[in-house]
Amino acid sequence: MRAGLARRGAAAAAVALLCVPVVGSTAQARTRHDPAAGAGRHFAVTWAASADRQGAGPAERSYRLVVRTSVGGDALRIRLTNAFGEHPVTFSSAYAGLQRQGAELVAGSNRRLTFGGQRSVTVAAGDTILSDPLPGRLAAQSNLVVSLYVTGAQGPTSGHGMAMQTSYATSGDHAAEEAATNWTDSMTSWYWLDAVSVRTSTATGSVVALGDSITDGWASSTDANRRWPDYLSRRLQAAPDSPVRGVANAGISGNKVLADGAGEAALRRFDRDVLAQPGVDTIFVYEGINDIKAHTGVTVDDLTTGYRELADRAHAAGKCVVGATVMAYKGWPEYDAAGEAVRQGVNEWIRHSGVFDAVVDFDRITRSPYDRQALLPFLDSGDHVHPNDKGMQAMADAVDLAALRCDR
């Protein structure tokens, strides 16, 4: 543990809780200094999904995106991204409401979002935009629904391919509607929306989980919010003395620390996906298995140098950083002795280097007692890399909540 880590110790009701949306901060400054927040208040990220380059998005189409909040607060804001687009995209209307079931919203909850006071906004290629704060309060652990009518879309879109959550789409502008009648197309990706924040006390912060498909939730149950960061969020909400309430998931399936591929490398996307999120006190780094099993010759020194850079950049931004050991993968087709040797060396470095403010030993709590190179079968989804729901919960339960509370 680093010396600088300070441990500190129904429908109408639903409508009343939503009067909400985007986020915004610079990479080096906390949004608690955002003048829109007010004295003693700041914006904190309550949900996120890291964007990557997706296929071409059809124009004149509406998207109804279902997301799960973590920390509650008021003045909800959304962040829309065109980071991977090659052309401007126009959001002709945007709304935020609460899910009743499927694509149907709680009656009276759907409210229009604006951008600089305007109902429509065009986002240039490579840019992101924050909505204006939406008056009212949004509860923790809510199923928030953001509906967007997108026009002029062409070429690649920006979004999150593996949502493990059903969202909806339809032709034409139906963003203002609360009924599900016109929302006939289901999908399991999020497009353009990559973060939601709320205003809360400056005593309340968020943690960002930077990772790959395990953090992204692959093999967990769809529409059940059983990714390990979801389980962690529920633990934090149940801990009355925890100042950390927000959890942002920055996992991308197939992502690597060092090399681009499935998403930009963690080192390249760190500012946009992690440091730019508002109200973040702690960053949780759990990534590396894709670097190891890719058979590219990555060494222990290569990977640990990448980890050290992430930690240094987090510390320079005033954040604490928690590292997690890389879990076993024997039985996966790419497993071999050379990769296993790198994994073991990397894990010893994570445990003993002192670079991280705290360490969570995911490897130890998920591996089989009969074969330390393999996952415990009870926690294994069956592919020998990704945990099942019980494995995801075991990972979250292994996190010492006190390790997420720190000041720098």
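Visitor: Which word describes how α3 and α9 lie to each other?
Guide: Oblique. Angles under 35 degrees count as roughly parallel, over 145 as roughly antiparallel, 65 to 115 as roughly perpendicular and the rest as oblique. Here helix α3 (residues 228-238) and helix α9 (residues 389-397) pack at about 50 degrees, with axes 8 Å apart. (Helices are DSSP runs of H or I, at least four residues; strands are runs of E, at least two.) The model is predicted, so local features need pLDDT of at least 70 and side-chain atom pairs 80 or more, while totals for chains, interfaces and linings use all residues. Residues are numbered from 1 along each chain, and side-chain values use heavy atoms, without hydrogens or water.

Visitor: Which residues of α3 meet α9?
Guide: Look for contact, meaning heavy atoms within 4.5 Å. Trp228, Tyr231, Leu232 and Arg235 of α3 meet α9 residues including Met392 and Met395.

Visitor: How many residues of strand β19 are buried?
Guide: Buried means under 20% relative accessible area, with a 1.4 Å probe and protein chains only. In β19 (residues 280-286), 7 of the 7 residues are buried, so the strand is largely enclosed by the rest of the structure.

Visitor: Which strands pair with β19?
Guide: Pairing needs at least two DSSP bridges. Strand β17 (residues 205-211) runs parallel to β19, joined by 6 bridges, and Gly211 partners Tyr286. Strand β20 (residues 320-324) is also parallel to β19, with 4 bridges; there, Thr282 stands opposite Cys320.

Visitor: What else does Tyr286 touch?
Guide: Beyond its neighbours within four places in sequence, its contacts include Trp228, Phe362 and Met395.

Methods: Buried < 20%, exposed > 50% of the residue type's maximum accessible area, 1.4 Å probe, protein only. Axes fitted to C-alpha atoms, helices over the stretch in contact; angles between N-to-C directions.
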